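Let me put the thing up on the screen, and then I'll talk you through it.

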Amino acid sequence: MLKARGLTKTYGDTEVVRGLDLEVRRGECFGLLGPNGAGKTTTLRLLLGLIEPDAGSIELAGIAVPQRAREARMKVGVVPQMDNLDPDFSVRENLLAYGRYFGMGKAAVAARVPELLDFAGLASKADAQISQLSGGMKRRLTLARALVHDPDILFLDEPTTGLDPQARHLIWQGLRRLIGAGKTIVLTTHFMDEAERLTDRLAILDHGRVVAEGAPRGLIESHIEPAVVEVFGEGLADWTEHHAVRLCQRFETVGETLFCYTSTPDTVIDALRHAPALRYLHRPSNLEDVFLKLTGRDLRD
Amino acid sequence: MSHFFRLPRLSWRFVPVWQRNYLVWKKLAIPSILGNLADPMLYMLGLGYGLGSLLPNVGGMPYLTFLAAGTVAYSTMNAATFEVLYSSFSRMHVQRTWDAILNAPLTLDDVMLGELTWAASKSLLSGLAILAVIWGLGLYGNFWMTLWIVPVVALVGFCFGGMGLVMNALSPSYDFFLYYFTLVITPMVLLCGVFFPVSQLPAAVQGVSAWLPLTHAIDLARPLVVGTVPDNVALHVMALLIYGSLGYIIALALTRRRLLK
Ligand SMILES: Nc1ncnc2c1ncn2[C@@H]1O[C@H](COP(=O)(O)OP(=O)(O)OP(=O)(O)O)[C@@H](O)[C@H]1O
Ligand SMILES: [Mg+2]
């Protein structure tokens, strides 16, 4: 459904996307993960043919991009990182206007509007102005807008950033319905739980490069020890020096917390029993651990 | 820059962009029309009667007629300029409406053509309103000749819409537009024969004036009001077309650099 080879994009002296290869299969939900500035949005803009790559080739829905980007975009719905609903129009009018951009006739769009409003849970808000909507409603409307022409593929750039948990769950619910309906989805996010929940496969992007790719479970299994014991409290430095080095397969100290990665958490916990001043949290390792291992813990902006 | 420069590829996809602006305008049409027209109308009638009563014939006609013919072009220029400066800028930069549209199968060429044709349409209305006053007050020489003012006004709107889009592409904020008004629009109003004949200006300044688009607009509009065939029609039409098209082409390249780099 989507194939990109050797994508490269340079801004000034910085290579923002560096030889990226991506392949997304039909009906798949594919995640693009990466810290701020990793090049996620730039990659999506390249894939849509909005900007031209300095090198590389793209095929979107079987159509060469950017050469025939206009045709390719007919088959894609986009939820951009920043909401850009039309503030001069009501909720319903936003959908009607967007359908026209895809060349749909008035009757064809109008026929789809009730279904889309329903999907977005905005049926009662059809005539509301955009400024009256909450952040979650705006996001849902943007998602509905992206579906107006019934695209095969959806690009979602951080669909739930800035939303509260309730609103995020509503978006996820919508996305699951779309996945169930067989849509191909490409989604960027920095929420690991979002990626774990929704994606079949994902690529972790850092400095414009794919640093790991695979199914969420597979990535966790192949990149990291199965368990994490987070240790914090009085005397941590001392314990680290005497025990962590010996008991943990890998460990990291971040601020006041020691992250001890291990496949034998019981031995670590046993050892911690003899250090009552320390507190700990034992949990299975997750995608976030993989992400932090591969992209580091430094701030990016 | 060369990378962004490409001749526009025109397509009918611009129509929904025009339509979007039209539908938004329609919601507030009455106040918008009144707001846009009151100003030129007041100037024209105030100066025309007030100053006109003190003046003999100006350019071979009553001052009110002289001024009305200038105001048709001036008012159209202003309407087109305001639209592509403030309104287009808000759609491009503030509301990010263009970004949303570009995710659909439209190119920037389409979006900006939609904006340009919309600016021309909206300014057409401004020109027509002044024309209506000319009709109402019987300021014309030959009614049928004045009908030619309609396409002239559309062309003037296209010309200044295209030019204004260049400013839109370059501007970091609304404040920047003031320079355009102070350095381009206002001097043009004074040099191109809106309020007084260009022949009153020093010869060197007249030479400059002959190159300015508003001069070409007025050289077409004024004879048509009086009821004579304008001289050098082809020259004036070409000049307006070239200013407008060059503006659009340059603006497109600059906006590509701004939005699609
Ligand atoms: N038009 C541009 N001109 C110059 N630099 C740019 C441009 N667009 C993006 N960049 C730079 O490219 C890098 C990647 O940006 P991009 O927006 O693709 O990152 P991202 O992964 O989407 O980040 P975020 O999570 O913050 O959205 C950043 O360092 C950014 O500053
Ligand atoms: Mg981004």
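Quick housekeeping. This is a predicted model, so local features need pLDDT of at least 70 and side-chain atom pairs count only at pLDDT 80 or more, while totals for chains, interfaces and linings use all residues. Residues are numbered from 1 along each chain as its sequence is written, chains are lettered from A and ligands numbered from 1 in the order in which they are written, and side-chain values use heavy atoms, with hydrogens and water left out.

On the chain B side, 27 residues are in contact with 26 residues of chain A; contact here is heavy atoms within 4.5 Å. Between them the two chains bury about 2,300 Å², and 53% of that is on carbon and sulfur atoms. That buried area is the accessible area, with a 1.4 Å probe, that two parts lose on being put together, summed over both.

How many salt bridges cross from chain B to chain A? The rule finds four, a salt bridge being a side-chain nitrogen of Lys or Arg within 4 Å of a carboxyl oxygen of Asp or Glu. Take Arg20(B) and Asp88(A): their side chains meet in a salt bridge at 2.8 Å, N to O. For polar contacts, 14 residue pairs turn up between chain B and chain A, both residues at pLDDT 80 or more. The rule there is a pair of N or O atoms within 3.5 Å; within protein, one must be able to donate a hydrogen and the other to accept it, and residues adjacent in sequence count only if both atoms are side-chain atoms.

And what does chain B bring to this? Helices α1 (15-27) and α4 (97-102) of chain B each supply at least two residues of the side that touches chain A, and α1(B) gives the most, with seven. Helices, by the way, are DSSP runs of H or I, at least four residues, and strands are runs of E, at least two, all numbered from the N terminus.

On to the cysteines. Over all chains there's one disulfide, meaning a pair of cysteine sulfur atoms within 2.5 Å. Cys248(A) and Cys260(A) form it, with their sulfurs 2.0 Å apart, and at -110° about the S-S bond the link is left-handed. The two cysteines are twelve residues apart: Cys248(A) is in the loop between α9 (236-247) and β12 (250-254) of chain A, and Cys260(A) is in strand β13 (residues 257-262) of chain A.

Buried or exposed, then, for Cys248(A)? Cys248(A) counts as buried because its relative accessibility is 8%, and Cys260(A) is buried too, at 0%. The cut-offs are under 20% relative accessible area for buried, over 50% for exposed, partly exposed in between, using a 1.4 Å probe and protein chains only.

Lys183(A) sits in the loop between α6 (165-180) and β8 (184-189) of chain A, and Lys183(A) is buried at 13%. Its side chain makes a polar contact with the side chain of Asp150(A) at 2.6 Å. Glu225(A) is in the loop between α8 (216-223) and β11 (227-233) of chain A and is buried as well, at 15%. Leaving out residues up to four places away in sequence, Glu225(A) touches several others, including Arg250(A) and Tyr261(A).
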